Amino acid sequence: FVKSTSRRRVSFRSFSAVATAPKMAEIVDNPLLKGFVFPPFDVVEAGHVRPGVRSLLKELESELGELERQVEPTWTKLVEPLEKIIDRLAVVWGIVNHLKAVKDTPELRSAIEEVQPEKVEFELKLGQSKPIYNAFKAIKESPDWETLSEARKRIVDAQIKEAVLSGVSLQDDKREEFNKIQQELAKLSQKFDENVLDATKKFEKLITDKKDIEGLPSTFLGSAAQTAVSKGHENANAETGPWVITLDDPSFMSVMQHARNRSLREEVYLAYVTRASSGELDNTGIIDQILKLRLEKAKLLGYNNYAEVSMATKMATVEKAEELLEKLRIASWTAAISDMDELKQFSKDQGAPEANDLSHWDISFWSERLRESKYEINEEELRPYFSLPKVMDGLFSLAKMLFGIHIEPADGLAPVWNNDVRFYCIKDSSGSPTAYFYFDPYSRPSEKRGGAWMDEVVARSRVFSPDGVSARLPVAHMVCNQMPPVGDKPSLMTFREVETVFHEFGHALQHMLTKQDEGLVAGIRGIEWDAVELPSQFMENWCYHRDTLMSIAKHYETGESLLEDIYKKLLAARTFRAGTLSLRQLKFATVDLELHSKYVPGGSESIYDIDRRVCERTQVIPPLPEDRFLCGFSHIFAGEYAAGYYSYKWAEVLSADAFSAFEDAGLHDEKAVTETGHKFRETILALGGGKAPLEVFVEFRGREPSPEPLLRHNGLLPVTASA
């Protein structure tokens, strides 16, 4: 997942002249306003946000006025000063937003809430600047257009398109209406996100009876007892409890997959799928309002619906996205039906009283038992083989082999927001630093939002060169939410968590290994949204590569390697329930497109009616009547995946096909793998948004992408052939 702040559209929006001016003392000592190489995450507090952001906006407002007065249709008089304005706001707001995601406090929330409208107002002013828009059009129409590099042409085209999507062409009254919508949408998205975090935080299930925790693995019990200690049960321990269950992912998944107590699974499942759907944290009205405003915005811009607005800056069209989703749905449906039949039969053979009426809280539990029986793999028993330090060592060795880079710990070089955060430096083969990144691995449900994401801190840029010669180096965040270490045990990971770390590192690599010096299209900037998951999903494939997996799978106490036999079983289990897992993603993608293309706010169908209608084609068991999954669907209501969730599947086609280049070269041939890795680095990872993604893919692969490798990897090809 790429967090929304990292996908900064360069049509920026926000500043209020009526805001209270910050006092001079507040500005002089404000860490947000001081020059820094790495952000001062350790000292930025909620109290710095209002004066810091307001002072910066005032300065940028003045620079924008100056730019508009003196603008000329040349790179140095238009694009470079514009990049400076965009970048400075992106970096400072990025710091503030990042702290809200990883170290949330009521004070920080309220400070952001107060200055966000001013920021949005400035971004709108910038995005709707006629002098800037006209200057970009003049560059495009000038005789020098053909002499521009491809990256510069992409910047100009993107700026013109984004200005139009920001309302630059609207008449005054329509523009005012558009701006009100943008302000309101920013507020609603923030509120949606806060409600999900608060609802997740609110649920706590204290367990004192050992019978209730039967089946739950010891790693989880250690973590649940640690949570209990933090809630005031000071004598809690893994063996005797008490234990506290929460709705953050490691806790929720452990209960769903391993708790023998069916009523506990039911209670936790219902709490999870009804998060943020009642009382003061209810997101239903917020969703309705968001969808209504997005549709109004689309109509103002001359589109039929918001999905069309979203696709204006993507590789796909609504029709092409729907076509791909339907093709994959047909390929997955029969396999998913077989998955369910197999699960029913298996649970029946095990004597489960619920076998003939499996419900949602039974699926993960019995799937795990079936996986254990079929492949003799127990995810929990494998945890000791996947300790975080070993996983990172193996990941870094893989990056060295594929891309010729060295990754070294650089803790202490940059300030961090929590003592568990690690900091690393990436060096090229000559030993020169090329990038840096932070890694925040552990779950902290009281202050950190769930999920995993990558975000940019700063992008590579020639304009921000520290010495006037070499470009500013890129810096990234990687954030995960796995189980923290317990006592002297390191963080022990599930195989899925290993895949997640590889995934986020793929995003980070595209940001950090870019060779693009034009800041507005460096790294992940300027890449069409539906191509941005290519490197992340590509990296996941290496978790199944024998040499890579064997290099990370070492028992944390004995150092013993994972048995070859278990590796083969992991490989075989890769396609376990592939139809079901594929349908799950297709459901999310389809409901997202339906809500943004066919839903009529205030019409006869509610958002939940649409969800249920989509489920008829994408879920083998219908959802519960009380299911309110949409109220926690942050990707599309608080992130930047609105009418864009399909991009996971779109990019999965690209990433599976990219990995098949390594299969074609021979995964056991280190020389061939290294050569193909170099080619991947020089194309997919190096070119950033400076070249159209399809052209970049063809440059790497030698042809256009095919869905065949994805279906083959998922074991779904025979179904496709007969569909």
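The legends below describe close-up views of a predicted model.

Local features are taken at pLDDT of at least 70 and side-chain atom pairs at pLDDT 80 or more, while totals for chains, interfaces and linings use all residues. Residues are numbered from 1 along each chain as its sequence is written, and side-chain values use heavy atoms, without hydrogens and water.

**View 1. An open sheet of five strands with mixed pairing.** The strand order is S3-S4-S5-S7-S6. Strands (E, at least two residues) and helices (H or I, at least four residues) are DSSP runs numbered from the N terminus, and two strands pair if DSSP finds at least two bridges between them. Strand S3 (406-409) and strand S6 (453-458) are the edge strands, each pairing on one side only. On average, neighbouring strands of the sheet are turned by 25 degrees against each other, direction ignored. Axes here are lines fitted to C-alpha atoms, for helices over the stretch in contact, and angles run from 0 to 180 degrees between N-to-C directions.

**View 2. Strand S7 with its partners S5 and S6.** S5 (residues 433-442) and S7 (residues 475-482) are parallel and share six bridges; in this pair phenylalanine 437 stands opposite alanine 476 of S7. S6 and S7 run antiparallel and are joined by five bridges, with tryptophan 453 opposite valine 479 of S7. Six of the six residues of S6 are buried, so this strand is largely enclosed by the rest of the structure. Buried means under 20% relative accessible area, exposed over 50%, and partly exposed in between, with a 1.4 Å probe and protein chains only. Helix H3 (residues 75-102) lies across S5, S6 and S7 and runs at about 145 degrees to S6.

**View 3. Helix H6 (residues 150-165) and its packing partners.** The 16 residues of H6 should span 22 Å at 1.5 Å a residue, and the end C-alpha atoms are 22 Å apart, which agrees. The expected span is 1.5 Å times one less than the number of residues. Among the buried residues of H6 are Ala151, Ile155, Val156, Ile160 and Leu165, as well as the residues Lys153, Arg154 and Glu162. The buried residues of H6 pack against H3, helix H4 (106-127), helix H5 (130-141), helix H7 (172-202), helix H12 (306-311) and helix H26 (693-701). Contact means heavy atoms within 4.5 Å. Glycine 167 follows H6 and has a positive phi, near 95 degrees.

**View 4. Phenylalanine 386 in the largest nonpolar core.** This core has 207 residues, of which Phe386, Phe403 and Phe505 touch the most other members. H3 supplies the largest share, 15 residues. A nonpolar core is a set of buried Ala, Val, Leu, Ile, Met, Phe, Trp, Tyr and Cys residues joined through side-chain atoms within 4.5 Å. Leaving aside neighbours within four places in sequence, phenylalanine 386 is in contact with residues including Val391, Leu492, Met493, Phe495, Leu549, Ile552 and Leu570. Another core, of 26 residues, lies apart from the largest one and includes Phe203, Leu221, Trp243 and Ala259.

**View 5. Histidine 545 in the loop between helix H18 (534-540) and helix H19 (546-552).** Histidine 545 is buried, with a relative accessible area of 8%. The side chains of histidine 545 and threonine 548 are joined by a polar contact of 2.7 Å. A polar contact is a pair of N or O atoms within 3.5 Å; within protein, one must be able to donate a hydrogen and the other to accept it, and residues adjacent in sequence count only if both atoms are side-chain atoms. Not counting residues up to four places away in sequence, histidine 545 touches Tyr567 and Leu667.

**View 6. Alanine 643 in the loop between helix H23 (634-637) and helix H24 (647-665).** Alanine 643 is buried, with a relative accessible area of 0%. Phi of alanine 643 is near 50 degrees, a positive value in a residue other than glycine. The C-alpha atoms of alanine 643 and glutamate 594 are separated by 8.4 Å, although these residues are 49 residues apart along the chain. Leaving aside neighbours within four places in sequence, the contacts of alanine 643 include Tyr306, Met311, Lys314, Asp592 and His596.

**View 7. Arginine 577 in the loop between helix H20 (564-572) and helix H21 (578-597).** Arginine 577 also has a positive phi for a residue other than glycine, near 55 degrees. At 10% relative accessibility, arginine 577 counts as buried.
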